[in-house]
Structures are given as structure tokens and as C-alpha cells.
Amino acid sequence: MTPEEIVELGLGEGMAVVIGEKASGLNFRLANNTVTTNGWEESNSAGVVALEEGRVGVQAADISASSQVAEIARGARERARQSPEAPDAMPLLGVTEAASPLANESGPSPEARPEDLGPILDSVRGVLEQSRAAGLRCFGFAQATGSSELLGTSTGVRLEGRRQHASLALTLKTADLGRSVWEGAVGRRMADLDPEGMYRRLSRRLGWTERSLELPAGHYEVILEPSATSDMVVRLMWDMHARGADEGRTVFAGKSGTRVGEAMYAPSIRLESDPLDEEMAVPNFVRCLGSSEYASVFDNGLAEPPVVWVDGGVQQELICPRRWAQDHGHPVRPDVDNLAMAGTELSLDQMIASTKRALLVTSLWYIRDVDPAALLLTGLTRDGVFLIENGEVVGSVNNFRFNESPVGVLQRTVEVGRSELAFSREVGDELFVKAPPIRVENFFMSSVSDAI
Amino acid sequence: MTEIDPGFLELPLDQLADAALGAIARCQGVSYGDIRVHRDRIQGIHVREHDLISLSESEPLGFGVRLVLDGSWGFAASSDLTESGVARAVGAAAEMARLLRPLLEERVELAPEPSHQASWVAEVELNPFQVDAERKVNFMLDVTGRCLEAGAKFAEFYCLQVQENRFFVSTEGSRLTQQRVRLHPVMEAGLVDEKGSGLVETMRSTARPVARGWEYVEAHGFPSEAEEMVGWLQEKLAAPSVDPGPYDLVIDPSNLWLTIHESVAHGTELDRALGYEANYAGTTFATPDQVGSLRYGSPRMHVTGDRLEPHGLATVGFDDEGVAAQRWDIIKDGILVGYQLNRQMAQKFRLPRSNGCAFSDSWSHLPLQRMPNVSLQPDPDRDTTLVDLFAGVEEGIYIVGDKSWSIDQQRYNFQFTGQRFYRIHKGQLAGQLRDVAYQSRTPDFWGRLEALGGISAWQLHGAFNCGKGEPGQVAPVSHGCPPALFRQVNVLNARKEGKP
């Protein structure tokens, strides 16, 4: 079944909102210089929202027969009848109030097929051969996905959203597993990825680990590489909603009201989202099958325009669905599925060259909240901590556990490098993020980790 | 007696299996194949204060085909439950195996397993999908209402309910149909210090995720816990902030299960030990060459793996490659003695049989070696109580409930917090403390285990969301344990840690 058929069938069953999706994906994994597992998948799915006098019922399912659409509509209707009135009830958007369809959403929908592996496999095979020949061990994961969603509402809205995403991560270790480095890359297609280039950079970095140094816990000047920066700013973004601030539950709560308008970060910090960014294009309208502080089922079809969340270090916006905005005097601000932290022209090499003494941190791992109200996080450095002295990397350093807040990190950011598509290792490789390397003063490494 | 959902049995399971086995048989070079039809029913209810925020149900349904062609895995999955959908998936699985064959250095081989033909159903009293949503929502709204009446500023209640059905057929002759049900009720209340300190404290119920029905939610005692929790929160807001340093810790099962999960259960997965997760979830310090010699912890430490524990979240009749459920030792007398295995890992480790840890969270994902129920056994000699454990502490902390957790990629350095922390002074509880986090290194921590609670104090806790694998998969898993006494563990003040 096509998304169009799913949407028309669902609306024909009296549903207020129907989302039909066709998706596919493929992947393979590497370990110890060999391929381990792989997979290809295809799916058609439907999600419906039933509205019964302000009460909401939601149901979703994978679909292989048209009769299933009527079944899930029946389920959604039954749940709506058993529910009290929704606190976020609003009139559904009409065609003129909703987002405008994008001109470029035409032609075949993006798909991931086994033959798409072709352009990358020779290159990956070469990487594994080089790793074996060098007496090293290579590990990794490659994946590509393609999807097309069609949103239909009983008020006549029809919007298509497409998404195409690919990523590759490689870990290179010495044969005794005693030293380890990692790099991740994100693109829209497998063909955008460059395994051999990644391997060259990893080999250089593994060379840096030939001299290893032990440093104690404490406060350090650090340069967070883009992956590490992206994990920090994405976690910050998760709390950037008006409801949590209004209720006093998040770091965005001020003494009276929210912290919008406050200089929360260093003046160089700018965070923004743009669904039409060519390198990280995502659907530009709300698709929601479950209300939360981020979105409301009543806002389906609402345009997600470009937004500047933070500018000049000042918090500019918080995510806010329509009903919360109406009831609490905020501007309506839908979330967007990508995030960019602005950078400068400075390369990472230039930042290293101008460093007297600092730690270079490649990626972060196992990040969890310690104090949600202060957004204090704990986590670890992983697969690349290097000591820079007098403009040069002089060796690798043990891993650390850190206890830090993204707000504090962005307050103490004293230099920002070139922003690039980044692989958020902790948050997940399926999110589009652009992030620069950043120099942060007084980054707190709470203890040493023995892990390699 | 619980029966398998007729709605699942009405799917064209036999036709799909026949189509898959036929198509696999026609593929040149295939030495093994299976098909797994997998349907979940998932219902999520989220209540905040006096409002229902969302009530939604989803039904992921599809099949995955797995084959070994010329020594290479091929996996393909589809939501198209037709014979043509199966044929397309078998073709894609074979194509994936062929395309990736040139990258393969080590052929896939599987440890033997007898073929099984069976139907297995986990018993529940009240299947949550047979309970009106209205009854569930009203119950949850009553609980959050009680929190607010007692003085909470925020009150939330989530309940995730899952019914999982699987049908598995392999080229070796296994034919298995299974059903299990689980739910996870999470009730949380919060307070803001009205004296202007800006402190926010939240606290979560110690209700556990369980492989039980709705009867568990109604019997847990949420209404009274809601009111108690507000009192605990008020006490916690006024409690002294902990002075960092080494303390004797008595850790409640509601907290210790997570430390077991992270530092023991993940650390004893053979696929991690062999590097299969090195790019993502990580490896482990517990390497295969140390089986029989690695001192994981104190001699009191006896840890088992199983897929049999009644109401365990990892309990099944058969795993996702048709291996019958088992129980075995992982750590005995403090020494590493075993691992978690699937058929491929068992073969690599030259063991005669897998211990049944293959699991896939979805029709669209390849089964991986995933965690069974991993449990710390109670004191075998006496039925030690919590009070007995407190009595052995001059100055320490009693930790209840899990909250924040983090551990490094080799399962050494960890940091955990909790829901409530009580000072223990001269063997007695002496009021709450705030801002406690304990940080340690796995073998050091378990080496400090001095005493275990007895069988009466043993509890089964767990998680719905254990993450591993690429593409990422989440698995439900239980961990049983008694309360336990650990000597001189490093305690941090979490709030001070955040100050530059």
C-alpha cells in the first residue's frame, strides 16, 4: 500500500489525522576486520488520530492489507471515547494555516536497497585489508535509510515529508586492543561517505597514541571535537521547551518566568534549526502521534520554519506547541528535526596549533542526567583523549568520567571552530546535527576511567 | 490458563513459513535459514497532574528472514505479510549475504540445538489489553491527584504495556509460537523549594517493570505510596547535602539491580568480550581468557543467568533462534565462570550448546546476543534482613531506588545516584541525605561486598529499555537481588560536582 492509499482510507474512516509512511533501510557491521551482521528492511505503516469532542485516541501499526486501516481507526476511536478531554485541544489547522508543500518533494520516494551498498563496499573492503596488513583491528557500522511520510487531515491538509540519511562509524584499535580511536560520519546517502578518508585520519590518530600519558582527574582546558560538542548541544536542546521552564523543572526556568532573553552562554554561541538545510533536510511540518511538551496532535501540519534558538549567547526561543503558547503567553514554536551550532573559519588543526596546554576529546559516551534541574550530566570520554602542548598533540591520555552541564560548557566556551555535520555518538547517528570543535575552560573530569 | 492471542494465530503464519522455507531451499549455498513473524501490541498512557496527556497504541507487525549463505549472514525484513513479500525478503537476505561475502574473514557457524516444536505462553492474571483504557486512565489520574492533594507541585504517571507474539520456524525443523506480556508503571512526583533556594526534587515510585498483567499496577499500593512520597520529598528538600567521601553503603534491591545490570550483566556478554560491540556498546574487562580465574568480586558473590525466572522480563520458552530457556552460573564464589551466549557465540567459544540469549526487539532487526535475567543470589546460609545489615554499619548510607546511571565502555568506572538516601548512624537510620552519588570501579566495588540479605529480602527489578546493537535495539530484562552491604565506597556530592 502507498502512503496516499493509507491516508485516504484512514480519512474515509473518519479519522482527524492520518500519517502514512513508506520506509526502508540497510546496514552492516564490522568487528575484528570482518563483516559480522547486516540487514535490509522495508515497511509500510499508518498512524491515525481520532478526535471525539476534544478527546483523543491514537493508534499506529505496520500495514500490509487495506483492511488493517479500518481496524486501527476503530481502535483509535474506541480509545478516544474512553479518554477525558485533551488539555491541548485546539481546532485542527486548515490548508491555509498549515505548512506549504515543498516543490522538491516530487519524483520517486527515497529508498534504501541492497544494491546501494555497491559504491561503499569496495572502499570498506580496502579499509579492512589495510587494517589487517597494519596489524590493527577495525570495527564499525554503516547504515542508510529512506522514508516518505504523507500527512492528511480531515481539514484538507496534505503534506509529504521525505528523509534520507546515511552514516558510517569506524573504530580502529591496536591488535592488543590497548589503544583505540574512533570517527563517525553522516550524510544523506551511502555514496556521501568516505571510508578510506576516515581510515587515513584514524591511522594518523592511532599514531598519536604511541605515546600514552596518565593524567589525574581535575579541571582541564579541553577542545571538544564536533561529535562531543553535538552530544552536549543536543542534550541541551531536549530541555529547551517552554513547559518545563514554566513549571520550574528545567535549567530554562528563571526566577520569574523563563530564561528567554538571558545571556545564558558565551557570546559566540548560536544554535539554530532549518528543515531546508540542504545537507540535513528534514520534513518542515509537525507530524505528531502523541502529545508532549514538544508537540501536540492538534498541531499536525503546522509549519516548522527556520528558528534561531540561541544568538550571541542569549536564549531566544523555547519549543512551544499552540495550546501551551495560547494558555501561557508564549509564541508558538514547533521543534525541528535538525540542529546547527554556528562556527567560524578556524579549523581543528588551527585550534590545536594555538593551544598551550589542553585535552583534545574526540567523543563522549554514556551521558546521563545527574541533576535534571541544573542539567548536570555525567558521562565518559571515549576512543580518543589527547594531550596538546605548545601547539602539538604529544600523546594520548587515559579516559575520564566527567560531571558537567551543557549550559556551563557553553558558558565557558572561549573559542569555536568550523561547524560540520557531526555524528552524535551518544544521542544516536540518526539525528542531523552540525557542530564545531569548541575550546572550553575548566571542564571537570571527575575521575579516571580504566576503559580503552 | 492464558492462551495465545487468537488475533496473532489468525495471521497467515503457516503460509509465510512455507513460503520462506521454500524460497530459502531454492537459494544456492544456504546452510541455514529461519523466519520469525513478530507482532507487538504496545499501549502507552501518560497522565500529568489532572490531565491525560496521551493514550496511544501501536502494533509493529512483520517478519524477518535470516540465512547463512556461503558462511555469510544475510538478513531481510518486511511488513508485507504476503508470499510475495516473503519471496522478496528471502531474495534480499541472499543478496545482502552475497554482497558482503567478500568482506567476510570468518565463516558463521552455529552451535547445535535440538529442533523444538512448541507453544509457550507467559501466565498473567489480567492482560492489560483486556482492561478498558478508561479504568486504567482513571486509576492513574487518581494517583496523580493524590500526589497533588498531598502537596506535590508535579505529578506524572506513565504506563507502558506490551504484549509480544512471536512465531519462529527454521530449516532445522523448529516451529515455535510464543506470547508474553509486560508492563512498566512509572509514577513520579516533584516539589520546588518554596523558601527560594531554587531546589527542585523529584522522586519516583519503586514500582518495577514486570512480566505481569494490570493486576500488578492495582495491587502495588500506588495510592498510599503517592501520599508517602510527598512526605519523603519534603524531608529530602530539607535534608543535609552529603559530605563527599568513603561510606559504608547498604544498597536496596531497588537500586542494586541497576548496578548489577551495568557492571555485571553487560560485562559478561560474550559478544562484547569478543569485540562484536566494540564500535558501539563497548567491550568488557572480563575477557574470555580469564574464565575460571578472574576475581569479579567478593567470595559472597554468586550471579546466575536465566530465561526461566517467573515474571522475569527476559523469561521465554525459547530464544529468537529456537534455543530452549536455561539457567546457569555466571559468577560463583566471586569468580567469573560463564558468559551469556547465542548459537554463534557458543560455537566460537567451542561450547556444546548456546544458553539461549538470542533476542530481537522487532521483526525488522536481526537477533543478537542479549541479556537474560541476571541475578545476584541471596545469602545462602541465613535469612539476613535489612535491619541486620544496618546493624553492621557505624556510619553509612542506605540507598533506595534507581535514578541516574553511567558506566564506561569496558564496564569499569561507574556512577549511580538513587531516589532516596538515608544516613545510617550506629546501626540505625537517621534521616534523609541529599545529592548522593556513588562512583567506583567494578572489581573494586564488588570486592567491597561484605554481606547479603537473605531470600526473604530478595526482589526482582529490571528495565524495559536495555540498549545494545547497531541498529540500536532495546531489550526488557530483570535482575533479582537482595539488599547488600558494601564497605567504604566513594560517595560524591552530585550538586557540588557541577560547580566549576
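Colleague: Why is the meeting of the E105(B) and R132(A) side chains called a salt bridge?

Modeller: The term needs a side-chain nitrogen of Lys or Arg within 4 Å of a carboxyl oxygen of Asp or Glu. For E105(B) and R132(A) the N to O value is 3.3 Å, so the pair meets the rule. This is a predicted model, in which local features need pLDDT of at least 70 and side-chain atom pairs count only at pLDDT 80 or more, while totals for chains, interfaces and linings use all residues; side-chain values use heavy atoms, with hydrogens and water left out. Residues are numbered from 1 along each chain as its sequence is written, and chains are lettered from A and ligands numbered from 1 in the order in which they are written.

Colleague: Where does the E105(B) and R132(A) pair sit?

Modeller: The pair crosses between chains: E105(B) is in the loop between α3 (83-100) and β5 (117-121) of chain B, and R132(A) is in helix α3 (residues 118-133) of chain A. Helices (H or I, at least four residues) and strands (E, at least two) are DSSP runs, numbered from the N terminus.

Colleague: What makes the two chains count as being in contact?

Modeller: Contact means heavy atoms within 4.5 Å, and 85 residues of chain A are in contact with 85 residues of chain B. R29(A), N38(A) and R249(A) supply 10% of the area that chain A buries against chain B, more than any other three residues. Between them the chains bury about 7100 Å², 51% of it on carbon and sulfur atoms; buried area is the accessible area (1.4 Å probe) that two parts lose on being put together, summed over both.

Colleague: Why are β2(A) and β4(B) said to pair?

Modeller: Two strands pair if DSSP finds at least two bridges between them. β2(A) and strand β4 (residues 72-78) of chain B have 3 bridges, in the parallel sense, so they qualify. Within this pairing, E41(A) stands opposite A77(B).

Colleague: Why are β12 and β15 of chain B at the edges of their sheet?

Modeller: The open, antiparallel sheet has 4 strands in the order β12-β11-β10-β15 (chain B). β12 (335-336) and β15 (373-376) each have a single partner strand, so one side of each is left without a neighbour in the sheet. The partner of β15(B) is strand β10 (residues 303-306), over 4 bridges.
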